[in-house]
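Biologist: Can you walk me through this model? I'd like to start with how the chains meet.

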There are 4 protein chains.
Amino acid sequence: MAEVNERDRAVFEAGIKLGALYHQFVGMPISLETIDDLERTIEQSVALQPYVRSISVSIDREMVQKKLNPKFKYCELEGRMLNVSLQILYKNTIAQAELVYDEGQDYPLMSVKKIEEM
Amino acid sequence: MAEVNERDRAVFEAGIKLGALYHQFVGMPISLETIDDLERTIEQSVALQPYVRSISVSIDREMVQKKLNPKFKYCELEGRMLNVSLQILYKNTIAQAELVYDEGQDYPLMSVKKIEEM
Amino acid sequence: MAEVNERDRAVFEAGIKLGALYHQFVGMPISLETIDDLERTIEQSVALQPYVRSISVSIDREMVQKKLNPKFKYCELEGRMLNVSLQILYKNTIAQAELVYDEGQDYPLMSVKKIEEM
Amino acid sequence: MAEVNERDRAVFEAGIKLGALYHQFVGMPISLETIDDLERTIEQSVALQPYVRSISVSIDREMVQKKLNPKFKYCELEGRMLNVSLQILYKNTIAQAELVYDEGQDYPLMSVKKIEEM
């Protein structure tokens with residue numbers, strides 16, 4: 001049995017943030033006109049949480065365009081539209097993680113990309 | 001048994017929007033610095049939906065201030081922090097509804113305020 | 001300008017419940033094995049709310065089947081999978097409303113079906 | 001810079017599940033009568049997700065009791081009411097994590113409790 005260390009903690013926090021963001025925002029009404037603002041709002045909201053060093057959110061405009069209801073001109077934010085990259089800084093460890101839509105698996109995939117112990 | 005008319009429809013749509021907004025946004029991380037943007041984001045998101053003529057969202061800064069976590073300096077958006085006023089226009093009928101925190105009942109109260117048949 | 005009456009209120013409450021349910025539950029992980037329980041949980045949760053006389057929720061098993069991730073064998077609850085019928089009783093008025101996926105419009109449509117003043 | 005290993009992945013997945021669960025279910029209408037079922041529903045929903053070995057959810061009945069609206073006899077599920085313990089199995093590594101309300105910090109605290117490399 002291993003002791004929980006700084007690195008575990010940094011990686012764990014990265015997972016929390018991505019899982020939380022996903023289930024908080026999926027379902028939101030969105031259009032091409034509101035995407036920019038929504039990206040900033042999600043970033044700001046995640047950045048408030050503990051140990052977030054940086055966060056960048058981009059929503060797939062092409063997918064939104066395709067999903068727009070022809071009559072009402074909006075759609076709902078789906079997990080597969082989200083591209084997120086974030087860095088957690090926990091004490092001296094940086095964990096970088098991302099959420100990217102994996103077309104092959106048709107799955108919004110979350111993964112740890114890099115861990116730096118400074 | 002009464003036929004469903006324009007007025008019913010306007011009032012029904014007002015209810016949908018308030019119920020939806022509430023459960024979409026409650027739980028979001030928020031601070032005094034992000035309130036302004038979040039108010040705009042909620043307004044934009046509701047305004048995209050069918051028959052919304054106008055919408056105004058204001059979040060109670062005093063409640064947010066009191067709920068801020070002392071260590072992490074943010075809190076979660078709660079239903080009682082929300083003040084929302086919206087107008088639905090369905091054909092020739094305007095229904096105005098609001099969500100306001102009722103302190104006496106400790107309940108986020110939604111109500112129809114006004115109906116105008118033009 | 002018309003005064004807000006019992007009927008308006010019944011219809012308004014029906015809208016609130018459908019909008020709320022939609023945005024609370026969309027995004028939930030779901031499989032063919034958990035559908036039955038989830039339907040009951042949604043019903044129970046809505047039935048707790050003021051003025052709900054009855055509620056019936058059914059989730060489209062065929063759509064769920066099609067959306068199951070081949071590797072992980074689950075999918076997310078989508079608005080279009082939901083069939084909901086509910087009755088609001090406000091004083092002496094019953095409003096019946098439903099949420100049904102409209103294939104033609106590719107839209108989860110909410111509508112008032114019947115109003116009875118007793 | 002360290003390579004991402006099995007252990008990182010197990011811990012990351014634990015974080016995802018707790019963050020997701022929190023933001024999916026917070027806000028749900030709940031009463032003392034529906035708690036048992038809701039606990040099972042949350043457990044089932046999390047258990048569907050990749051790499052979940054076990055999950056146990058318990059909701060604080062005392063807090064729910066205190067928060068019940070006196071008129072309507074229900075309240076909303078809050079993060080602080082949730083006690084969750086879960087195990088992730090990723091390849092040969094088990095990560096155990098929990099969500100427990102920390103009264104001192106008035107914060108729903110998520111933490112990694114144990115890591116076993118088998």
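Biologist: What should I know about the ground rules?

Modeller: It is a predicted model: local features need pLDDT of at least 70, side-chain atom pairs count only at pLDDT 80 or more, and totals for chains, interfaces and linings use all residues. Residues are numbered from 1 along each chain as its sequence is written, chains are lettered from A and ligands numbered from 1 in the order in which they are written, and side-chain values use heavy atoms, with hydrogens and water left out.

Biologist: OK. How many residues of chain B are in contact with chain C?

Modeller: 28 residues of chain B touch 28 residues of chain C. Contact here means heavy atoms within 4.5 Å.

Biologist: And what area is buried between chain B and chain C?

Modeller: About 2,300 Å², with 66% of that from carbon and sulfur atoms. Buried area is the accessible area (1.4 Å probe) that two parts lose on being put together, summed over both.

Biologist: Which residues of chain B lose the most area to chain C?

Modeller: M1(B), F12(B) and H23(B). Together they account for 25% of what the chain B side buries.

Biologist: How many salt bridges are there across the interface of chain B and chain C?

Modeller: The rule finds two. It asks for a side-chain nitrogen of Lys or Arg within 4 Å of a carboxyl oxygen of Asp or Glu. In one salt bridge, the side chains of R7(C) and D8(B) meet at 2.4 Å, N to O.

Biologist: How many residue pairs are in polar contact between chain B and chain C?

Modeller: Eight, with both residues at pLDDT 80 or more. A polar contact is a pair of N or O atoms within 3.5 Å; within protein, one must be able to donate a hydrogen and the other to accept it, and residues adjacent in sequence count only if both atoms are side-chain atoms.

Biologist: Which elements give two or more residues to the chain B side?

Modeller: α1 (6-25) and β6 (107-117) of chain B. α1(B) gives the most, with twelve residues. Helices (H or I, at least four residues) and strands (E, at least two) are DSSP runs, numbered from the N terminus.

Biologist: How does that side divide into nonpolar, polar and charged?

Modeller: 15 nonpolar, six polar and seven charged. Ala, Val, Leu, Ile, Met, Phe, Trp, Tyr, Cys and Pro count as nonpolar, Asp, Glu, Lys and Arg as charged, and the others, Gly among them, as polar.

Biologist: Where does α1(B) lie on chain C?

Modeller: Across β5 and β6 of chain C, at about 125 degrees to β6(C). Axes are lines fitted to C-alpha atoms, for helices over the stretch in contact, and angles run from 0 to 180 degrees between N-to-C directions.

Biologist: And which strands does chain C's own α1 touch?

Modeller: Helix α1 (residues 6-25) of chain C packs on the sheet and touches β2, β4 (82-90), β5 and β6 of chain C. Its direction makes about 150 degrees with that of β4(C).

Biologist: What's the strand order in that sheet of chain C?

Modeller: β2-β4-β5-β6, an open sheet of four strands with antiparallel pairing. The edge strands are β2 (52-59) and β6 (107-117), each pairing on one side only. From one strand to the next, the twist averages 10 degrees. Strands pair if DSSP finds at least two bridges between them.

Biologist: How many bridges join β5 and β6 of chain C?

Modeller: Ten, between β5 (residues 93-102) and β6(C), in the antiparallel sense. I94(C) stands opposite E116(C) there.

Biologist: Switching to chain D and chain A. What are the numbers?

Modeller: 28 residues from chain D meet 28 residues from chain A. They bury about 2,400 Å², of which carbon and sulfur atoms give 66%. The rule finds two salt bridges across this interface. R7(A) forms a salt bridge with D8(D), with the closest N and O atoms 2.4 Å apart.

Biologist: Which element gives the most on the chain D side?

Modeller: α1(D), with twelve residues.

Biologist: Back to chain B. Which residue in the hairpin of β4(B) and β5(B) takes a positive phi?

Modeller: K91(B), near 50 degrees, in a hairpin with two residues between the strands. β4(B) and β5 (residues 93-102) pair antiparallel over seven bridges. Q87(B) stands opposite Q96(B).

Biologist: Last one: how many helices and strands in chain A?

Modeller: Three helices and six strands. They run α-β-α-β-α-β-β-β-β from the N terminus on.
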